[in-house]
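Here are some friendly notes to read with the structure open beside you. Take the points one at a time and find each residue as you go.

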Amino acid sequence: MLLRLFHRYASTSTAARPTHFTFPQRIERSPTTVLESLNSCVQTDGGNPAYMFMDDPFLIPTSAYEKRQLALSKASGKKAARWIIDRYPYAFFYDVAVPSIPSYFPTYTFDEKEFIEPDESTLYKLMNWNKVTKAHEVYKKCLEYKIDVSDACKYALFDLLCIYNSENPLDALLPEEDWYRRELNEKNQSNLMSRTWKENGLAEQMFEELKLSATPEQKVRLYNSFVSGLLKYNHIEKAMTIIEEMKQATIPIDLTTYNYLIRSASLIKESYDQRWQFVVDTLKEMKENSIQPNLRTFNSVLYTLRRCSVYEQGPKLALAVLNEMRQCGIEPSLGSWAHVIMIFYPGDQIGFETQMLPQIMDELEKVPQLEWKDSDDGEFFFNAMFKATTNCRDIDLAKRIHRFLMAGSNTRFIPDGFREQLYYTNLFRLLFRVDMPEKVMPLWESVVPNVYSPSMNVMEDLIEFVSTWNIQDYYVRLWSDLLMLGFIDSRQTNRRILDRYLTLLIQTNQGKPSTEQIKQYANIARQILKRFPLEPEEVEQRFGSTTDAPAQQQQEMTDGQQEQQQQQQSNQLRPKLQYDGHLLSNLICLLAPADDWEASWSLYEHYLSNRSTLINALNEQSLMSLLSLANRKNAIDSALDIIETINELQYECLGDALDLLNRNGNLTNRSRQHLMTIQKKSKVESAHHVKLV
Amino acid sequence: MNILLKQNLPRYAWQQQCYLSTSPIVHSWFVKLTNVTQVNTEAAVPKHTRKRNYPLTYEQRQFPKLIGHTKTWNTFNTSNLRDGKRKAEIVSDDLFLRQFIYGTWHSLFVSELIIKRRHNMVILSGLVTRTIHPRRMYFLIGYTEEILSALLKTPVKMEIQTVENKEDVIFTYW
């Protein structure tokens with residue numbers, strides 16, 4: 001800026017002053033230009049929660065489950081408000097906004113009076129409020145009472161019936177719900193190719209009726225909307241007969257209908273060659289009728305090609321189509337590239353040699369700002385990442401795609417939560433398998449947990465990754481990550497993760513860890529114990545004899561009882577973590593080296609008292625570390641107890657155990673005797689090699 | 001702000017009105033026109049309790065004359081600037097918003113509701129206790145935003161912060 005000012009100053013001082021001045025041309029801008037340019041400055045930032053959540057530690061969700069729960073509860077709050085607004089509409093007619101904003105008003109409810117004298121204005125109103133079926137009813141009434149309805153109105157109604165398949169259109173979901181629409185609404189799933197067209201529905205009735213009275217120009221619109229509707233809802237046979245009818249009556253087919261026709265070519269023809277032939281024929285027909293194709297046409301062609309999976313002509317034809325697009329002056333959209341990717345990499349193994357994906361990325365990175373142009377655009381990032389990780393297995397490429405996604409506002413091209421989950425799962429599974437920790441961890445930290453909450457499989461991969469590279473610095477971080485992402489709870493499915501993590505810690509404990517690390521690991525074990533107490537407190541009926549207490553006190557007592565009952569109920573509702581021998585021995589292995597005698601001994605006692613029900617026995621390693629701790633603490637009786645347990649379980653380490661205790665100077669004669677008897681009775685061979693003093 | 005106040009006061013003192021002080025009563029006491037006992041009749045200045053054990057938040061302790069010095073306004077808008085629009089409407093809207101929030105977020109807010117108006121947007125903020133589950137809090141947020149938008153015909157957004165309990169906001173005992 002300064003430099004530019006300087007230049008300007010320099011130029012005015014040296015050059016001769018201009019004698020006249022012309023004002024610069026006014027640039028026409030839309031009312032939202034400022035907002036758009038502001039929007040282009042915004043980047044996705046993993047450091048903050050999504051805009052829909054409050055920026056407060058208590059209210060920021062971290063796990064995927066929480067995110068979904070909170071977003072949906074916000075949406076349900078909005079719905080509750082909507083219900084109130086519709087229930088008491090008279091309170092919401094205060095209109096101060098200029099221009100007034102219709103979506104802040106209660107939804108228009110139609111009076112019965114309006115239907116008594118049906119006319120065109122009622123029809124238009126109904127159509128504006130998305131009541132298509134009701135509009136058709138009123139239209140019928142109009143016919144009955146011989147009220148004139150203009151042709152424009154009739155055809156508008158017919159178009160709506162075709163577009164919405166003779167039903168009222170679904171209400172738009174709230175943005176919070178829209179992200180989870182895949183789980184909420186089964187109907188909205190893509191690639192559902194079953195026939196959903198309503199046979200003999202309102203649209204068909206109206207078609208038959210209008211057909212009789214239509215002028216040639218009106219027939220064009222009538223037939224085209226009807227065929228488009230049929231093809232949209234996959235009623236192919238009927239559509240083909242209507243098209244035949246159109247050709248016989250020489251009614252021209254318009255661009256939208258051609259697009260739908262090309263898109264459903266894979267349903268019309270069986271074999272791949274026939275499908276392609278059909279597409280080519282249709283395109284030729286368009287050329288004869290001099291209809292200029294648009295982006296949608298080409299995307300439909302690519303879509304049809306993509307649905308011919310493992311078609312050897314596919315890649316060649318796709319390239320030809322792309323060339324054709326360029327010649328027509330149409331820039332391919334993200335949707336076109338998404339189809340091209342699927343054509344070039346049809347299976348999991350094929351297509352690596354073509355190097356198509358890097359070329360596409362080269363192409364895309366040249367475009368300064370991407371725009372939604374076609375409804376297929378939302379598939380691009382998911383497809384690209386999927387193929388980059390499964391077919392190419394190229395980390396640089398995957399990272400490149402990810403960088404491209406994070407640039408500008410490109411994240412909006414991931415349309416829903418499900419796709420996003422798959423996208424990140426693919427990315428991280430590849431990186432964990434191939435890449436180095438120094439490069440993966442920053443990327444992981446930039447998206448977890450605010451942008452992406454990993455699923456359990458990815459988390460297991462992460463633990464695996466951390467353990468193979470043996471990044472000890474990350475172990476404790478990993479624990480807090482696990483806590484934050486909600487994997488440490490009593491659900492049985494998450495049990496695997498806990499086990500896996502503890503084994504990881506113990507593996508490093510066997511190598512020589514620093515005292516600092518031992519302390520940290522013991523802290524983790526204590527946290528687990530605190531979270532899931534060993535024996536849930538048994539609720540005693542302490543308030544059995546309150547009959548002769550004063551009334552007020554009794555009141556308090558019952559309050560106390562209620563509280564306790566509630567606690568009891570919540571205890572029952574909360575599923576408890578099932579401890580087993582394996583988990584117990586893991587915890588002992590972590591606690592004993594840190595000299596935490598009380599905690600580790602309580603675990604051991606818990607094992608002894610619940611032997612009959614616990615699944616696995618304590619393992620050798622844990623018993624030995626507990627024994628050495630007892631030895632250090634000079635708790636001889638406890639040590640003898642442990643040795644007896646080792647003897648009962650018939651572990652080979654009995655010899656070492658006896659030897660360890662034998663060397664203790666503080667051993668009394670009685671304890672020595674006890675030790676001898678254990679050795680004599682023992683069936684373990686190694687025990688007899690030790691020479692007891 | 002402080003410097004301005006110091007400079008301005010002596011200059012305008014003879015005019016018997018104070019431009020920057022928010023309370024005319026303080027000023028009148030200052031020039032000794034009314035009885036001294038009236039000082040404590042000022043709005044929002046509580047009397048000491050006998051045991052001095054009545055909890056006050058920071059905001060309640062900073063009495064109105066300190067607005068602009070040690071605390072800010074509870075509502076931010078431009079209606080009172082020169083050529084400001086909708087003066088009366090904004091005041092009554094604010095009254096309504098406060099009533100609505102204290103009823104809907106029952107015994108959850110532990111501070112005053114701060115109402116900020118930016119462009120055509122109304123932003124409600126304040127401190128809330130963590131006595132209910134985040135799930136329910138988000139339900140209330142969604143509900144409040146939607147219904148207030150429909151009432152005021154302008155986008156309403158909530159930006160709340162949470163504190164552990166009511167004791168956390170006690171500044172002093174009075």
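This is a predicted model: local features need pLDDT of at least 70, side-chain atom pairs count only at pLDDT 80 or more; totals for chains, interfaces and linings use all residues.

1. Residues are numbered from 1 along each chain as its sequence is written, while chains are lettered from A and ligands numbered from 1 in the order in which they are written.

2. Chain A has 34 helices and 0 strands, whereas chain B has 5 helices and 6 strands. Helices (H or I, at least four residues) and strands (E, at least two) are DSSP runs, numbered from the N terminus. Along its sequence, chain B follows the pattern α-α-β-α-β-α-β-β-α-β-β.

3. A residue is buried if 20 or more other C-beta atoms lie within 10 Å of its own, exposed if 12 or fewer, and partly exposed in between, with C-beta atoms placed from the backbone.

4. The contact between the chains takes 23 residues from chain A and 21 residues from chain B. Two residues are in contact if their C-beta atoms, placed from the backbone, lie within 7 Å. The side of chain A that touches chain B has 14 nonpolar, 4 polar and 5 charged residues. Here Ala, Val, Leu, Ile, Met, Phe, Trp, Tyr, Cys and Pro count as nonpolar, Asp, Glu, Lys and Arg as charged, and the others, Gly among them, as polar.

5. Now look at helix H20 (residues 380-392) and helix H22 (residues 417-434) of chain A, whose axes come within 9 Å and cross at roughly 20°. Axes are lines fitted to C-alpha atoms, for helices over the stretch in contact, and angles run from 0 to 180 degrees between N-to-C directions. H20(A) and H22(A) are therefore roughly parallel (angles under 35 degrees count as roughly parallel, over 145 as roughly antiparallel, 65 to 115 as roughly perpendicular and the rest as oblique). Residues in this contact include Phe381(A) and Met385(A) of H20(A), and Leu422(A) and Tyr423(A) of H22(A). By class, the contact has 8 nonpolar, 2 polar and 2 charged residues.

6. H20(A) also meets helix H18 (residues 334-344) of chain A, their axes coming within 8 Å and crossing at roughly 30°. This pair, too, is therefore roughly parallel. Among the residues making the contact are Trp337(A) and Ile341(A) of H18(A), with Ala384(A) and Lys387(A) of H20(A). They divide, taken over the whole contact, into 7 nonpolar, 2 polar and 1 charged.

7. Which residues of helix H33 (residues 654-662) of chain A are buried? They are Leu654(A), Ala657(A), Leu658(A) and Leu661(A). Because they cover an arc of only 95° around the axis, they sit on the same side of H33(A); the arc is that of the directions from the helix axis to the C-beta atoms. These buried residues pack against helices H31, H32 and H34 of chain A.

8. Finally, find Gln679(A) in helix H34 of chain A. Gln679(A) is buried, with 20 other C-beta atoms within 10 Å. Leaving aside neighbours within four places in sequence, Gln679(A) is in contact with Leu658(A), Ala687(A), His688(A) and Leu692(A).
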